[in-house]
Amino acid sequence: QTVTVEVLDHLEHLALVDFRDSEGIERLQKAIQFADQLHEVNTDGIEPMDSVLEDRCLYLRDDDVTEGNCTKELMKNAREKVEEYFVAPPGNIPLPKLEEQDTFLQGS
Amino acid sequence: AVKGTLRFQVSAALREGQITPTELCQRCLSLIKSTKFLNAYITVTEETALKQAEESEKRFRRGQPLGVLDGIPVAVKDNFNTAGIETTCASNRLKGYISPYNATVVQKLLDQGAVLVGKTNLDEFAMGSGSTDGVFGPVRNPWSYSRQYKEKSAPKSHSEDKESEWVIAGGSSGGSAAAVSSFTCFAALGSDTGGSTRNPAAHCGVVGLKPTYGLISRHGLIPLVNSMDVPGILTRCVDDAALVLGSLAGHDPKDSTTIQDKFKPFELPNLPDVSKLSIGIPKEYHAPGLSSEILALWSKAADLFKSAGAKVTEVSLPHTRYSIVCYHVLCTAEVASNMARFDGLEYGHRSDMNKSTESMYAATRREGFNAVVRGRILSGNYFLLKQNYENYFVKAQKVRRLIAQDFGKVFGSGVDVLLTPTTLSQAAPYTEFIKEDNRTRSAQDDILTQAANMAGLPAINVPAALSERGLPVGLQFIGRSFQEKQLLTVAKWFEKEVKFPMIQLEEVKRHDHGVFQHQKSASFS
């Protein structure tokens with residue numbers, strides 16, 4: 001079954017990248033088809049595996065401050081900044097809905 | 001000098017003063033310049049390399065080298081952070097990003113006195129199996145220009161474009177593999193998530209080692225799939241790989257996924273003995289599309305082990321054909337998560353759009369990622385949607401356990417090492433390769449390598465022979481978790497048996513005069 005435009009739009013909002021053109025949507029369809037092969041495997045009674053190191057204890061180091069004070073270094077790579085702040089455009093403004101957008105998905 | 005191997009030749013030469021670190025560095029740098037057409041390097045760190053070489057020279061003069069790696073030129077894949085040096089991941093996303101720190105593995109190399117000559121080219125964000133999808137262009141396999149390949153190519157009329165015959169280097173660590181293969185450095189770091197170190201190693205005729213997950217620190221390696229990524233090691237011989245492994249492995253407090261067991265660097269025996277070993281041949285690795293040449297080579301290799309007294313048996317890894325599907329889901333899911341950090345605010349490319357935070361993020365990401373990366377992010381997000389989570393992501397995690405269990409059963413039954421092909425065929429000409437899209441290619445090419453990443457096992461590509469067209473073909477050994485010593489011992493034995501020929505490149509001949517003329521055939525015949 002094909003993916004609905006609603007889901008495609010939802011994905012674009014979640015991922016904040018766009019499909020750009022029909023090729024992008026095709027690609028997703030093919031990816032889903034490919035992944036569907038997983039359903040041929042019988043996994044009854046099998047636990048999902050998060051990590052190959054699941055039998056070991058995760059390493060926790062002591063709660064000591066050993067490094068830091070690198071504000072200047074880190075700020076060097078930001079394009080827009082003021083003093084020690086990264087400058088972002090205003091937040092809490094949702095992206096335009098599909099109908100209001102000028103994207104490829106509008107026409108599909 | 002540039003053709004020598006690390007352990008036996010170059011290090012000894014440096015210690016005995018036959019060549020100085022500065023000379024060695026300069027030779028490598030000029031070789032990089034004359035092999036620029038390979039496009040193996042994104043950044044050549046000429047100034048810092050010469051400085052490092054100078055420091056190294058001072059240490060040698062005092063008789064106090066830091067170790068075997070002191071003064072040795074190395075290259076690092078451009079998805080490892082290197083302080084003060086641009087790190088791009090071959091993407092517009094990170095063009096101009098100057099790392100504020102060194103990845104742990106880079107720091108370890110520098111602490112041992114290694115000389116960093118440059119950052120190597122890759123597929124954008126390490127996604128791909130050809131090193132053809134980065135913004136700096138594709139990497140060319142040095143063997144395309146070897147005498148061996150040129151002799152076997154059908155004679156073409158002069159009017160035909162000889163340029164279009166070059167073959168791919170494999171990926172995604174193609175730049176690193178090409179750099180080692182063309183003698184511009186003695187060892188290179190790659191990364192391996194689905195075969196990204198072993199695949200280009202096979203195509204470029206070099207040794208490519210994927211260590212056990214958890215052995216080497218990933219701190220500073222820009223992540224693709226956190227549960228499968230490992231730094232990979234590319235060298236011209238197995239001994240060198242063991243050497244580099246020795247200086248990189250071990251617990252890192254900055255990477256909590258590194259195991260805490262103390263790592264003991266090892267030297268491989270001079271005369272490895274495989275007569276007491278059990279070699280497994282997984283029948284499912286006779287995958288559709290496997291070239292008859294490689295099949296024959298695989299068979300011959302099995303016979304070699306048999307004649308040496310090893311026990312060679314056919315084994316079964318029943319879920320092999322699902323591993324690529326499983327990988328596809330888990331990889332895209334983890335990628336969707338890992339790529340979320342690229343929002344333009346703290347580093348990297350930032351769009352001029354400033355109506356709102358969300359629209360700035362969206363525009364920045366739109367502008368910075370290529371189609372492959374975007375495709376994986378969108379697929380990953382699809383599989384992680386609430387309505388799909390159980391059916392795809394969790395299902396894939398369950399299949400992952402089945403795959404890991406397959407290996408567990410085989411190793412548990414007494415098999416020490418598995419012998420399989422690394423790739424389905426020799427390197428394809430670039431024009432052929434780009435006829436299919438990235439995902440299809442990756443699905444085809446990763447088939448033999450990525451199950452090892454699923455299970456976290458160590459695996460190594462050893463160059464085995466030249467194909468009929470004069471291109472390298474390698475075979476893969478997969479070992480038990482954390483049994484790198486045994487794995488590399490088997491690999492070394494095999495390497496000695498097959499005596500893979502040295503690449504004959506015009507450019508290198510012109511550069512290589514002096515010290516090593518008589519020694520260059522010491523390790524290879």
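Trainee: Leaving aside neighbours within four places in sequence, which residues is Phe407(B) in contact with?

Mentor: Contact means heavy atoms within 4.5 Å. By that rule Phe407(B) touches Tyr285(B), Leu317(B), Leu418(B), Ala451(B), Ala452(B), Ala455(B), Leu457(B) and Ile478(B). Bear in mind that this is a predicted model, where local features need pLDDT of at least 70, side-chain atom pairs count only at pLDDT 80 or more, and totals for chains, interfaces and linings use all residues. Residues are numbered from 1 along each chain as its sequence is written, chains are lettered from A and ligands numbered from 1 in the order in which they are written, and side-chain values use heavy atoms, without hydrogens or water.

Trainee: How many residues does the largest nonpolar core have?

Mentor: In soluble globular proteins, nonpolar side chains tend to be buried together. A nonpolar core here is a set of buried Ala, Val, Leu, Ile, Met, Phe, Trp, Tyr and Cys residues joined through side-chain atoms within 4.5 Å, buried being under 20% relative accessible area with a 1.4 Å probe, protein chains only. The largest has 142 residues, and Phe407(B) is among those with the most contacts inside it.

Trainee: And what area do chain B and chain A bury between them?

Mentor: Interface size is often given as the accessible area lost when the parts come together. Here it's about 5,700 Å², 62% of it on carbon and sulfur atoms (1.4 Å probe, summed over both parts). Arg350(B), Leu378(B) and Arg401(B) supply 12% of what chain B buries against chain A, more than any other three residues.

Trainee: How many salt bridges are there between chain B and chain A?

Mentor: Eight, counting a Lys or Arg side-chain nitrogen within 4 Å of an Asp or Glu carboxyl oxygen. One pairs Lys254(B) with Glu67(A), the closest N and O atoms being 3.8 Å apart.

Technical notes:
Buried area = accessible area lost by both parts, 1.4 Å probe. Buried < 20%, exposed > 50% of the residue type's maximum accessible area, 1.4 Å probe, protein only.
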